[in-house]
Amino acid sequence: MRSLQVPFFDLKRQHALLKFDLTQVWSRTVDASDFILGNAVSDFEKSFAKFIGTQYAVGVSSGLDALSLSLRALGVRPEDEVVVPAFTFIATALAVSMCGARPVLADIDDIYLHLDPAKLIAILSKKTKAVIPVHLYGQPADIKAIGKFCKQHRLALIEDAAQAHGASAGGLRCGSLGDTGCFSFYPSKNLGAFGDAGLVTTSRKAVYQQLLHLRNYGSMVKYKHEVIGFNHRLDTLQAGILSVKLKHLTEWNEKRGQLARHYDERLSSICQLRLPARRPGNLSVYHLYVVRTNRRDALKRYLDKKGVGTGIHYPSPIHLQEAYRNLGYKKGDFPIAEKAAREVISLPMYPEMTVKQVDAVCQIIAEFYRK
Ligand SMILES: *Cc1c(COP(=O)(O)O)cnc(C)c1O
C-alpha cells in the first residue's frame, strides 16, 4: 500500500481512452488544412457558449490573452486601474499590465480564499475601471456581492474562470455572470487542449464584435483594419480537440466532485487540516483539491517521500513577486493572502483517479499527523 505511486495529475489515461476520436481530429485537419479560423473554431465556440449559457464565445490563444483582450474590449486604457485579488495565478495581474493599466490588489477572505468584496470600497478611485474576481480552484467567487459593487460604481466585471469550466452559482455557470468570462485550456485545466488555448464568453454583442477584431489584427474583413489588434487566435486543430473533450467535461467534473467528497470524508477527522469550504448554492468543479495546514512544507516533503505528488497553488501572493515590486506594496499589506501562500497544499485530483488512490493519500496524511 505504502509504495503506491499517486501522481499529482495524469493526462495519459484520459487521452488513451479518447485516442480514436482525437486522432480523427488530426486526420480531419490534415484533409481540410484549414489551420487558421477553420470551421472547427466556430463549431467549438457555439458549443462552449451553449454549455456556459452565453450568447457568444470567442476562441483565443490562451487564458492570459482571454483576460487581456476582455479588458481592452471593455475599454480599459493605459493609466486605468483594475482590481485583482492578491492571491491568484499571476496571469490575472499580467493581463492588466498587458493593457498598460495598473493592477490594484485586494486581499482575499479567509474561508474561500476569494477576492473579498468588503475590501473593494477602500481601494476604489476615479481611475478604477474593472474588477477581476477569480473562481479559484474551481469554486465560484462571490459574484453576487462583487457584481452589485460593480453596478453601483459602473465598473466592468471580468470573471477569471480559467479554473472553473462548468462550475455554477445559483444554477448559473461561471463565465455567464459578468461582462465577460475568461477561460484557459492549458492542458492541465478541467478542459485542456494539446497546447495553449483560451476563450472569452459574453452576451454583449458589441463586446463580442470587439473581441473578434482584437484577436485577428483588428480585422474582420481581410486587409481592412478598424482597430489596432493582435494575433491571439484559437487554432483550428486545438478547437477540434476541445470539441471532442467538451462532450466529456460534465462527467469528468462529476468524477472530481465524487473524489472531493471522498477526500472530505476521509480527512475530516484530522483536526490540524483545514478542508475546502463550500459556498451554499454553488457547484465547485474542483480544478484543485486544496487543504491548509501550518505544517505545509513538512507534509509536502512527507508525501513526496511516500510517492504522492502534490502542488502549491500558489507559493507567493502577487504583491511579493519581484515582477510587481514597482506597485509599491510591502510584506504585511495583504495578511490573508500571505497566510494562504504559507498554508495551501494541493492534493492529487483528476477524473481518472480512483477512490483507492484517494484512500492511499489520506492514509499517508493520517500517518504524518500521528507521528
Ligand atoms: C491558468 C490560469 C490563467 C492563465 O491561463 P493560460 O492559458 O495559461 O494563459 C489565468 N488565471 C488563472 C486563475 C489560471 O489558473
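Contact here means heavy atoms within 4.5 Å. The legends below describe close-up views of a predicted model.

**Figure 1. Helices α4 and α5 meet in a right-handed crossing.** Helix α4 spans residues 63-73 and helix α5 spans residues 91-98. On the side of α4, the residues in contact are Leu 64, Asp 65, Leu 67, Ser 68, Leu 71 and Arg 72. On the side of α5, their partners are Ala 91, Thr 92, Leu 94, Ala 95, Val 96 and Met 98. By class, this contact of α4 with α5 is made up of eight nonpolar, two polar and two charged residues. The two helices pack at an angle of about 45 degrees, and their axes are 8 Å apart. The helices α4 and α5 are therefore oblique to each other.

**Figure 2. Helix α2 packs against helix α9.** Two packed helices are described by the angle between their axes and the distance between the axes. For α2 (residues 19-32) and α9 (residues 236-246), the angle is about 150 degrees and the axes lie 9 Å apart. This angle makes α2 roughly antiparallel to α9, because angles over 145 degrees count as roughly antiparallel. The crossing of the pair is right-handed. Helix α2 contributes Asp 21, Leu 22, Val 25, Trp 26 and Thr 29, which meet Leu 237, Gly 240, Ile 241 and Val 244 of helix α9. The contact of α2 with α9 comprises six nonpolar residues, two polar residues and one charged residue.

**Figure 3. Helix α10 passes helix α13 in a right-handed crossing.** The angle between α10 (residues 249-267) and α13 (residues 355-370) is about 30 degrees, with a distance of 10 Å between their axes. Angles under 35 degrees count as roughly parallel, and α10 and α13 are therefore described in this way. In α10, the residues of the contact are Leu 259, His 262, Tyr 263, Arg 266 and Leu 267. They meet Val 355, Val 358, Asp 359, Val 361, Cys 362 and Ile 365 in α13. Sorted by class, the contact of α10 with α13 contains eight nonpolar residues, one polar residue and two charged residues.

**Figure 4. The largest pocket holds about 340 Å³ of space.** The pocket is lined by 17 residues, of which Ile 143, Lys 144, Gly 147, Lys 148 and Leu 177 are the closest to its centre. Helix α7 (residues 143-152) supplies the largest share of this lining, with six residues. Seven nonpolar, three polar and seven charged residues form the lining of the largest pocket.

**Figure 5. The largest cavity holds about 160 Å³ of space.** A lining of 17 residues surrounds this cavity, and those closest to its centre are Tyr 112, Tyr 137, Pro 276, Ala 277 and Val 290. The lining of the largest cavity divides into twelve nonpolar, three polar and two charged residues. In total, the structure holds three cavities of 30 Å³ or more. Tyr 137 is located in the loop between strand β4 (128-131) and helix α7.

**Figure 6. A cis peptide bond joins His 313 and Tyr 314.** The omega angle of this bond is about 15 degrees. Tyr 314 belongs to the loop that lies between helix α11 (296-305) and helix α12 (335-343).

Methods:
Residues numbered from 1 in each chain as written. Predicted model: local features only at pLDDT ≥ 70, side-chain atom pairs only at ≥ 80, totals over all residues. Heavy atoms only, no water. Axes fitted to C-alpha atoms, helices over the stretch in contact; angles between N-to-C directions. Helix = DSSP H or I, 4+ residues; strand = E, 2+ residues; numbered from the N terminus. Parallel < 35°, antiparallel > 145°, perpendicular 65-115°, else oblique. Left-handed = near helix turned anticlockwise from the far one by under 90°. Nonpolar A, V, L, I, M, F, W, Y, C, P; charged D, E, K, R; others polar. 1 Å grid on protein atoms, 1.4 Å probe; cavity = no way out; pocket = protein on both sides within 12 Å on 5 of 7 lines; lining within 4 Å. Points joined across faces, edges and corners; volume = space filled by probe spheres on them.
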